[in-house]
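Please have the structure open as you read.

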Amino acid sequence: MQRAVDEGLLIARFAVVMDVKNHIIVSALRHDEPFDADATGREVRQSLVRLAAEQSDYADRVTDVLRERAARARGSVKHEHDYHPEDLASLDLRHAVYSRVATELKRLSDDDDYVGEIVETARQDAWGELGGAVESRLDRLPKPLLRNADYERNRTRRIRTLIDVDLAALKKQMDDI
């Protein structure tokens, strides 16, 4: 059971980091807001409390709905969510896991070090994503033309041709109008 709880907490942490990272990016790009560690910490705490409530709701659903349905079920199993009396132990385990994950997430929402780690991870991830996007754009910009040795040597001749031929032809056209 502890492994399931640990995995649930890892998934929840990942979800919070992703959510907060996206919020940091949107705030920076769309709203031109600077990064605020305190505000981000409050957002992390709110996300953890919200996820704790979801896990608690899942635990209640397992108890109230699925367990009751499984206890009354008869016949053969029709699909993976068709619980029967023999599934009651698994449903009890699921209830216990959801409940422990909810309790732990609530506890972690008050843990300054844990919240700070998520804030910093989200900030670094946001910076990495923004930096990668800028770098990608810069890589797509047209490359400056490489000048060879003849370019500088023939520059004076090209300018003289522009003046004597091209501008002279343009002046003649203008005079004819």
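Arginine 123 and glutamate 120 sit 3 residues apart in helix 4 (residues 112-140), so about one helical turn separates them. Helices here are DSSP runs of H or I with at least four residues, numbered from the N terminus. The model is a predicted one, in which local features need pLDDT of at least 70 and side-chain atom pairs count only at pLDDT 80 or more, while totals for chains, interfaces and linings use all residues. Residues are numbered from 1 along each chain as its sequence is written, and side-chain values use heavy atoms, with hydrogens and water left out.

Arginine 123 and glutamate 120 form a salt bridge, with 2.5 Å between the closest N and O atoms. The term salt bridge stands for a side-chain nitrogen of Lys or Arg within 4 Å of a carboxyl oxygen of Asp or Glu. Side chains of opposite charge can pair when their charged atoms come close. How many salt bridges does this rule give? The count is 7.

Another of these pairs belongs to helix 3 (residues 88-108), where glutamate 104 and arginine 107 are 3 residues apart, about one turn of the helix. Helix 6 (residues 155-176) holds aspartate 164 and arginine 160, which are 4 residues apart, again about one turn of the helix.

| Pair | Closest N and O atoms |
|---|---|
| Glutamate 104 and arginine 107 | 2.4 Å |
| Arginine 123 and glutamate 120 | 2.5 Å |
| Aspartate 164 and arginine 160 | 3.4 Å |

Now for the surroundings of these side chains. Relative accessible area under 20% is called buried, over 50% exposed, and anything in between partly exposed (1.4 Å probe, protein chains only). Arginine 123 is partly exposed at 30%, and glutamate 120 is partly exposed at 31%.

Let's finish in the loop between helix 3 and helix 4, where serine 109 is placed. Is serine 109 buried or exposed? With 2% relative accessibility, serine 109 counts as buried. Apart from neighbours within four places in sequence, serine 109 is in contact (heavy atoms within 4.5 Å) with Arg45, Leu48, Val49 and Val115.

Note on methods:
Helices (H or I, at least four residues) and strands (E, at least two) are DSSP runs, numbered from the N terminus.
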